[in-house]
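Colleague: Could you take me through this model, one question at a time?

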Amino acid sequence: MLDFNLANCLTLAVIVFLTGCYGLLTRRSLVMILLSVEVMLNGVNFTLIAFNHFLWGTHEFGHYLYMLSIGVAAAEAAIGLGMTIVFFRNYRDISRERASRLSEGEL
Amino acid sequence: MPPYALASLPVFPAATALLLALFGRRLNVKLIGTIACLGVALSFLVGVGFASTVSGGAEASFSFGPWLATNVLSANLGFRLDSVAFAMVMLVSGFGFLITLYSVGYMHDDKEPARFFASLNLFVASMLILVLADNLLLIFLGWEGVGVCSYLLIGHYWKDAGVPLAAYRAFFTNRVGDLLFVLGVAFLYAHFGTFDLSGLAAKADALSADSIDGNSLAAWGALLVLGGAFAKSAQAPFHVWLPDAMAGPTPVSALIHAATMVTAGVYLVARLSPIYALFPQIRGFIYICALVTLVIGAVLAVVQFDIKKILAYSTLSNLGLMFLALAADSPGAARLHLFGHAAFKALLFLAAGSVILAAHHEQDVRKLAGVLKHLPITRASFWIGCLGGVGLIPFLAAGFFSKEMVLESVAESQLTLGSLVVSGKALSWIIMGVELLSAVYMFRLLGYLESKVPGEAAKGHHGHAPHETSVTVKLVLGILCVVGLGFGFVSAPPSFGGMGKGFYALANAGAEMPEGPSFLHALPALVVSLIVAALTFSVFANAGKRAKYEGRNQTRGLLAQKFYFDALYESAVFTPLRALGRFCSAIVESVALGGFELMGGAGETGSGMLRRLMSGRFQNYAALLLAAVFLMLLLLPGR
Amino acid sequence: MSEVDLYNGLFSACAILIVVFSLMVVLARNPVRSTLLLIMSFLPTSLVYVMLKAPFVGILQVLVYAGAIMMLFTFVVMMVNPRPEEGELGHLRGADPVGTRLVHWNVLGALAVAGVVLVTLVRKAAESLPVGAEHPAEFGELSSISRMIFENPMENPLTVSFELISFLVLVGIIAAINFSRRDPSQKKGTP
């Protein structure tokens with residue numbers, strides 16, 4: 001049984017964030033990488049709410065920051081997915097290996 | 001004229017210079033020349049407008065406001081037109097206009113007329129700033145400006161052999177002088193606490209030679225400024241650049257290296273004469289240098305064969321004469337000779353230019369023998385100019401009275417240098433003896449040009465005798481003949497009727513003109529000069545007689561080596577400098593370049609290692625980013 | 001069972017679910033499954049948000065995040081239709097080339113070290129930080145949040161920055177459209 005306190009909430013956030021990191025560093029498909037980023041973002045957003053609840057108390061600045069954060073997440077998802085679609089349309093492949101070959105001048 | 005019109009004086013030629021520099025390439029020579037003339041003529045007219053102000057003894061001044069304002073330095077940006085400056089403005093803009101007009105004819109087939117006229121206009125603008133400036137810093141601005149223009153114009157025919165070197169030489173000699181000048185200005189400021197010319201003069205007037213230490217900052221400042229003036233006015237030991245400067249176009253030699261720029265040093269020292277009056281030792285130094293220059297110029301002018309070189313050495317000699325007057329603490333005489341010299345020397349140079357133009361750029365007097373026969377206006381100009389240069393006939397010769405004034409002022413002074421004291425009387429006799437040489441070189445030149453037997457160049461091309469073609473050349477020569485003749489009258493001292501009183505007062509801020517020589521006193525020298533002149537003329541006008549004087553000592557000996565000044569500079573200045581340069585470059589190559597190589601090698605190795613991080617795989621970058629963020633988190637203070 | 005015990009129990013359950021779902025997101029071979037699992041992980045998250053007195057944020061998490069953004073992902077995944085990745089989890093079954101396996105274990109090791117350090121740090125910090133004041137009555141509800149953001153709009157800096165977020169999203173959408181638009185100079189039908 002875990003106590004519902006700041007320390008545990010933050011520990012949960014760290015674990016979620018690192019899970020996202022693992023996906024970011026190891027997955028090969030661009031879509032999966034973007035999904036991992038969403039996981040990381042989720043972990044970060046969790047800390048905002050937890051801090052606000054346990055430490056601040058009078059105003060909802062953490063909630064406000066959360067809203068900004070999902071705005072950014074939405075924009076990032078739109079652009080990232082748009083790029084993925086273009087990439088897929090051009091190469092019929094969305095693996096990171098194919099994407100890395102772009103830097104070697106292979107179009 | 002309202003005072004603010006003063007500001008427009010240098011602005012007109014500067015504006016036309018800018019215009020020509022920017023757009024001149026597309027215009028033809030006549031249009032360029034017209035624009036250039038217009039700029040200078042406007043300045044001249046505005047200057048004339050100030051005549052009424054100045055003739056009343058008043059001054060016009062205009063301040064642009066503070067220029068430098070710091071805790072330790074303060075200077076105004078301002079112009080001041082007193083009668084001295086007015087006379088100089090008339091000289092610069094008037095002669096500037098005439099010579100620009102002359103250049104329209106002279107440079108009619110030049111390849112790069114826009115550059116020439118732009119530089120000429122810029123020169124006039126800089127010179128006007130120099131003479132109008134009311135403080136030493138602003139004078140320095142004009143001083144540098146005329147130096148640059150002189151360099152540009154000497155190097156106008158830069159494709160010809162030796163021309164860039166001559167321009168370089170003039171520029172670098174002047175740079176040395178400029179350095180001395182700036183240092184001197186700083187010293188003077190440190191002692192007197194002002195850059196203002198009038199302020200300096202007032203403070204120096206309040207002192208006397210006994211009350212000031214001969215080793216003070218003021219003395220050193222005066223000496224250093226003198227160095228700058230020597231370089232600009234080609235006094236020994238800085239005289240070497242002036243004869244070389246004849247590589248430039250002839251109108252440039254007339255305007256810059258005879259009439260105006262080289263007299264800037266005289267003008268400046270005359271302005272600061274209250275300071276120099278305090279230091280007899282420095283004046284003794286001026287005596288020596290000026291005397292050396294006088295002798296060098298006069299002697300070397302006798303052995304030259306290049307028509308312009310003869311005139312250049314004669315200019316040296318005359319500048320020496322002006323500085324002798326300054327050494328005698330008689331700025332009035334110096335200024336009078338400055339104007340007289342400008343009158344006849346510009347005329348002579350322009351006449352020489354006309355000869356050169358008619359003879360298709362031949363400058364050797366042996367080949368030009370007899371050329372004047374075909375060039376009537378040039379002939380008149382040469383005669384008037386030579387008479388003026390020798391100062392042969394009172395009233396009719398521009399230089400007669402001014403030279404007499406110089407001699408008289410020297411005779412009344414005394415040379416003091418260290419423990420050496422020489423009376424002025426003795427000096428004036430020496431100078432008179434040297435001045436006899438002016439009769440020799442002038443009439444030697446005339447003798448050649450008037451020779452009965454024509455030289456190669458005087459025979460003409462394709463059956464056509466040399467002839468004067470350009471209208472503007474003839475027009476300007478005519479005007480300057482009148483000026484040259486008129487100056488003899490304008491400079492007459494009281495003992496000769498005193499027609500010159502008005503001009504003298506104008507050029508010397510209202511000072512009273514000295515009595516001048518009595519006729520009896522001038523007569524013996526005059527007679528001797530006349531005899532020498534006649535003898536010289538008869539020898540050199542005769543091809544058979546002059547043959548035995550030609551060809552002697554042409555490559556070796558004291559005269560051919562120009563008194564070994566070049567060799568002296570070579571061994572005493574340039575050789576050590578080159579050795580220093582080689583030494584420094586060796587150090588730079590071994591130490592500095594070695595260091596750079598080391599750094600380069602380290603950079604290459606380091607970048608080779610760093611390059612592996614840049615794999616092009618984005619997940620490597622993401623890992624690096626996360627690691628960096630993690631490390632930064634650990635470094636957060638107060639965790 | 002007291003209220004505290006109820007909270008603790010709920011939190012424990014949600015925490016376990018969140019971690020498990022997140023792990024499955026990054027480990028799943030099929031992207032469709034990953035996407036759906038991520039949505040699943042958002043549901044217990046929003047429940048914890050409600051427990052953290054952030055009911056409005058919890059609603060946003062479900063509506064906007066799970067409902068809108070993740071739908072976008074789902075659509076793209078279906079459009080692109082990526083094959084399940086070959087060998088993605090091979091290191092766990094020993095079927096992967098040695099190099100890839102090494103990379104995975106390296107990443108896992110580094111993340112484990114980072115996790116231990118971070119958790120230690122975070123727990124120490126959480127214990128040393130002072131506890132906040134009591135929450136006001138409507139804390140975390142829409143009325144309170146909107147008052148904070150929109151009250152006195154001319155002088156409230158939050159208003160401007162909140163409105164600017166809409167610009168950010170707009171720019172993102174324009175960029176995405178611009179990316180995925182077919183080049184009009186190309187012939188129709190060619191990819």
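The questions below concern a predicted model.

Colleague: How many helices and strands are there in chain B?

Modeller: Chain B has 639 residues, and buried residues make up 51% of them. Of its contacts between residues at least 6 apart in sequence, 77% join residues at least 24 apart. The count of elements in chain B is 26 helices and four strands.

Colleague: In which sense do strand 1 and strand 2 of chain B pair?

Modeller: Strand 1 of chain B covers residues 60-69 and strand 2 of chain B covers residues 74-81. A hairpin of four residues joins the two strands. B:Ala60 stands opposite B:Leu81 in strand 2 of chain B. Over eight bridges, the sense of the pairing is antiparallel.

Colleague: Are helix 17 and helix 20 of chain B roughly parallel or roughly antiparallel to each other?

Modeller: The axes of helix 17 (residues 376-390) and helix 20 (residues 471-490) of chain B come within 10 Å and cross at roughly 30 degrees. Angles under 35 degrees count as roughly parallel. Helix 17 and helix 20 of chain B are therefore roughly parallel.

Colleague: Is the crossing of helix 17 of chain B with helix 20 of chain B left-handed or right-handed, and which residues meet there?

Modeller: Helix 17 of chain B passes helix 20 of chain B in a left-handed crossing. The residues of this contact divide into seven nonpolar, six polar and one charged. From helix 17 of chain B come B:Ile377, B:Thr378, B:Ala380, B:Ser381, B:Ile384, B:Gly385 and B:Gly388, and these meet B:Lys474, B:Leu477, B:Gly478, B:Leu480, B:Cys481, B:Gly484 and B:Leu485 of helix 20 of chain B.

Colleague: Which helix of chain A gives the largest share of the side that touches chain C?

Modeller: In this pair of chains, 64 residues of chain A are in contact with 74 residues of chain C. Helix 1, helix 2 (30-56) and helix 3 (61-91) of chain A each supply at least two residues of that side of chain A. By class, the side has 42 nonpolar, 16 polar and six charged residues. The largest share, 22 residues, comes from helix 3 of chain A.

Colleague: Which elements of chain A give two or more residues to the side that touches chain B?

Modeller: Eight residues of chain A are in contact with seven residues of chain B. On the chain A side, four are nonpolar, two polar and two charged. The elements that give two or more residues to this side are helix 1 (6-26) and helix 4 (96-101) of chain A.

Note on methods:
Residues numbered from 1 in each chain as written. Chains lettered and ligands numbered in written order. Predicted model: local features only at pLDDT ≥ 70, side-chain atom pairs only at ≥ 80, totals over all residues. Axes fitted to C-alpha atoms, helices over the stretch in contact; angles between N-to-C directions. Parallel < 35°, antiparallel > 145°, perpendicular 65-115°, else oblique. Left-handed = near helix turned anticlockwise from the far one by under 90°. Contact = placed C-beta atoms within 7 Å. Nonpolar A, V, L, I, M, F, W, Y, C, P; charged D, E, K, R; others polar. Buried ≥ 20, exposed ≤ 12 C-beta atoms within 10 Å, placed from the backbone. Pairing = 2+ DSSP bridges.
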